[in-house]
Amino acid sequence: MLAIPLPFIAGLIFALVLHHSLKGVEAPGSRRYFVAFLILYALQGVVVGLHFGYGVKALAPIQPITASVMPPLAFLAFRGLTDASIPKPWIHLWAPAFIALSVASLQVLVDPLLLVIFLVYGTALWRLTRTSDDEVMAEASFQRMRPALRAARLTAILMFFFALSHLAVAVYAGIAGAEGVPFAVAIMNVVALVATGIYYLLPETDRAAVSPKVSALPDPADAAIVERVTAALGEGELYRDENLSLAKISRKAKIPARDLSSAINRATGLNVSQFVNNRRVGEACRLLDETKQSATAIMLDVGFSTKSNFNREFRRATGMSPRQWRARSKVETTRS
């Protein structure tokens, strides 16, 4: 009976996790990189599985080349979600080009080069996720911003892991021979699967819950930016867009994303996501007071897509649940 290679399962699971985390991300350039990365990642699992699981030696030269393409693709995909353009993306072809040359002429350099490629792009991606809060995933919708950020961090961690594990497997093969390599590859993929599961099960500190301090001396320039953003959100009822992102607001208000985010932080003590959700909650309160629509219908109408997010943001802004708000409103109406 044909067994499914473990590397293929690991590749497929990680691809599905990444796809789920980035569902709804609309940045076209980044989307192309993500699709290419996910396809190649799953394909790499097949190549590794057939090579080590079924002894298809003809795939041995292909494996390092396809492996070298994934780190640049992953970095470009997540870099494309920031508010800055990607300069000269073709320059990242250096990684597969060097590996292809090494495979053809100097195979002793393949393993050290792969180690360098994974470490370089893992470090670059990790640094990208540790920069400023709102701007990191500016092209992702507010509801997908945190999952996208977590996916980027997981990808960076896995790059470090595969770099070190690849080095360990190469050293092991040099000392003990190639016979034990399939088992070592299987262990490596099991560890990657477990790490992926643990990472997504562990709760993450919600940085959005910690509001920055409002400036003691409000800057008129910040107030002007807040006013422009407020007007932009109201124009065409932009705030109702469930896929609204920092980049969309930035383009609508004609203000650089970094300046927009910083001004709202300083002037209101809120991050951009909270600022937008306050506008949505305000409209939800009006609809709860003035209509008989269900809370779910109102939630969708004002731009939220999940009950958990709607309830959390509603309670943050008003101190009560939507149901409590409507009950209070009915009591006040009866009294009057």
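## A salt bridge between E283 and R240

E283 and R240 form a salt bridge in which the closest N and O atoms are 3.1 Å apart. The two partners come from distant parts of the chain, 43 residues apart. E283 belongs to helix α11 (residues 272-290), while R240 sits in the loop between α8 (220-234) and α9 (246-253). Both E283 and R240 are buried. The structure described here is a predicted model.

Side chains of opposite charge can pair when their charged atoms come close. By the rule used here, a side-chain nitrogen of Lys or Arg must lie within 4 Å of a carboxyl oxygen of Asp or Glu. The count by this rule is nine salt bridges.

## A wider network

Which other residue meets R240 in a salt bridge? The side chain of D301 does, with an N to O distance of 3.1 Å. R240, at 18% relative accessibility, counts as buried, because the cut-off for a buried residue is under 20%.

A further salt bridge joins R286 and E290, with 2.9 Å between the closest N and O atoms. These two residues are four residues apart in helix α11, so about one helical turn separates R286 from E290. R286 is partly exposed, at 35% relative accessibility. E290 has a relative accessible area of 57% and counts as exposed. Through shared partners, salt bridges join E237, R240, E283, R286, E290 and D301 into one network.

## Two residues with positive phi

E237, a member of that network, lies in the loop between α8 and α9. E237 is not a glycine, yet its phi is positive, at about 50°. With a relative accessible area of 42%, E237 is partly exposed.

K254 also has a positive phi without being a glycine, and the value is about 60°. K254 is found in the loop between α9 and α10 (257-268). Is K254 buried or exposed? K254 is exposed, with a relative accessible area of 68%.

## Helices α8 and α10

The axes of α8 and α10 come within 9 Å and cross at roughly 110°. Angles of 65 to 115 degrees count as roughly perpendicular, so α8 and α10 are roughly perpendicular to each other.

On the α8 side, the contact is made by D222, I225, V226 and V229. On the α10 side, the residues are D259, L260, A263, I264, R266, A267 and T268. Sorted by class, the contact of α8 with α10 has seven nonpolar, one polar and three charged residues.

## Helices α3 and α5

How do helix α3 (residues 62-79) and helix α5 (residues 110-129) cross? Their axes come within 10 Å and cross at roughly 10°. Angles under 35 degrees count as roughly parallel, so α3 and α5 are roughly parallel to each other. From α3, the contact is made by P64, A67, S68, P71, P72, F75, F78 and R79. From α5, the contact uses V110, L114, I117, F118, Y121, A124, L125 and L128. The residues of this contact divide into 14 nonpolar, one polar and one charged.

V120 is also placed in helix α5. At 41% relative accessibility, V120 counts as partly exposed. V120 and P71 are 49 residues apart in sequence, and their C-alpha atoms are 8.8 Å apart in space.

## The protein as a whole

The secondary structure consists of 14 helices and zero strands.

The protein has 336 residues, and buried residues make up 44% of them. Among the contacts with a separation of 6 or more, 71% are between residues 24 or more positions apart. The protein exposes about 17400 Å², and carbon and sulfur atoms supply 66% of this area.

Notes
Residues numbered from 1 in each chain as written. Predicted model: local features only at pLDDT ≥ 70, side-chain atom pairs only at ≥ 80, totals over all residues. Heavy atoms only, no water. Axes fitted to C-alpha atoms, helices over the stretch in contact; angles between N-to-C directions. Parallel < 35°, antiparallel > 145°, perpendicular 65-115°, else oblique. Contact = heavy atoms within 4.5 Å. Nonpolar A, V, L, I, M, F, W, Y, C, P; charged D, E, K, R; others polar. Buried < 20%, exposed > 50% of the residue type's maximum accessible area, 1.4 Å probe, protein only. Areas by Shrake-Rupley, 256 points an atom, 1.4 Å probe, with all protein chains shown as cover.
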